[in-house]
Amino acid sequence: MIFFDIDHTLFDTDMYLESGFDRLNQMFSDLPLKNPTAIFVEIYENMRGVEVFHPKRFAHLVVEKLHLQKKKQSIIDVLEDQTLLDACIYSEVHDVFQSLAKQGVRIGIFSTGDKNLQQRKIYSLREFLNQKDIHIYPLKDKEISKVLKLYKNEKITFVDDRMQVLEEIFQHDSSLSTILIKRKKPTRDHPASNGFQPAQKINSLKKLPNIVR
Ligand SMILES: [Mg+2]
């Protein structure tokens, strides 16, 4: 069984926000706004400081700030657009999932975020996923032991872009395998607080079928 994180692991969150905000920019192009993107980014960052990103809540905050109640649904439609969301799945993911499935490896999800939006992000991968193996929470770090209990006696691997999550998982059960995915070269190596190191560090999921056998 292999569990994947969603953001920055399966899903290019930077591309999603950039494209989404671009489209919103075009939508507001008839308004006398100097820099709408800066407004979106500010609202997004304030929101992420206290909660997970949520298109409906985001749309609400934008229309309040710009006094444009009528645009609320159009903003939500842009951010929940399935074509946009599908396009942000990293290019290798589909093939990798196919190979893993062929090898008989079960695939699950362990993600933080808004359940509805996260489910939409992985919609194009649904043929590889069982709903009962999809675990999405507002803050997954707090749910590790709950999820692990469901898979007792199974050989489990976790793939995540956050070292801290992998370290916490490892602290719950050191027999688990942890894989860190870093797509961009980090400017400096992550300091491991307790000497923790993931079993593998990779920069693309392409290597996974050879690692997980
Ligand atoms: Mg992530």
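The expected span of a helix is 1.5 Å times one less than its number of residues. Helix 3 (residues 55–66) has 12 residues and reaches 16 Å from first C-alpha to last, close to the 16 Å expected. This is a predicted model, where local features need pLDDT of at least 70, side-chain atom pairs count only at pLDDT 80 or more, and totals for chains, interfaces and linings use all residues. Residues are numbered from 1 along each chain as its sequence is written.

**Two domains**

- The chain has a domain 1 (2–11 + 87–211) and a domain 2 (13–86); such bounds come from an automatic or database domain assignment.
- The centres of domain 1 and domain 2, taken over C-alpha atoms, lie 28 Å apart.
- Domain 1 gives 15 residues to the contact, and domain 2 gives 13. Two residues are in contact if their C-beta atoms, placed from the backbone, lie within 7 Å.
- On the domain 1 side, helix 7 (residues 115–121) supplies the largest share, with 3 residues. Helices (H or I, at least four residues) are DSSP runs, numbered from the N terminus.
- By class, this side of domain 1 has 7 nonpolar, 4 polar and 4 charged residues. Ala, Val, Leu, Ile, Met, Phe, Trp, Tyr, Cys and Pro count as nonpolar, Asp, Glu, Lys and Arg as charged, and the others, Gly among them, as polar.

**After helix 3**

- His67 follows helix 3. The phi of His67 is positive, near 55°.

**Helix 1 with helix 4**

- Helix 1 (residues 13–27) packs against helix 4 (residues 72–79) at about 150°, with axes 9 Å apart. Axes are lines fitted to C-alpha atoms, for helices over the stretch in contact, and angles run from 0 to 180 degrees between N-to-C directions.
- Helix 1 and helix 4 are therefore roughly antiparallel. Angles under 35 degrees count as roughly parallel, over 145 as roughly antiparallel, 65 to 115 as roughly perpendicular and the rest as oblique.
- Their crossing is right-handed: the near helix is turned clockwise from the far one by less than a right angle.
- Helix 1 brings Gly20, Arg23, Leu24 and Met27 to the contact, and helix 4 brings Ser74, Ile75, Val78 and Leu79.
- Those residues divide into 5 nonpolar, 2 polar and 1 charged.

**Helix 2 with helix 3**

- Helix 2 (residues 36–50) and helix 3 pack at about 130°, with axes 10 Å apart.
- Helix 2 and helix 3 are therefore oblique to each other, and their crossing is right-handed.
- Ile39, Phe40, Ile43, Tyr44 and Met47 of helix 2 meet Arg57, Phe58, Leu61, Val62 and Lys65 of helix 3.
- This contact has 8 nonpolar, no polar and 2 charged residues.

**Helix 3 with helix 4**

- The angle between helix 3 and helix 4 is about 140°, and their axes are 9 Å apart.
- That makes helix 3 oblique to helix 4. The crossing of helix 3 and helix 4 is right-handed.
- From helix 3 come Pro55, Lys56, Phe58, Ala59, His60, Val62 and Val63; they meet Lys72, Ile75, Ile76 and Leu79 in helix 4.
- The contact of helix 3 with helix 4 divides into 8 nonpolar, 1 polar and 2 charged residues.

Note on methods:
Helix = DSSP H or I, 4+ residues; strand = E, 2+ residues; numbered from the N terminus.
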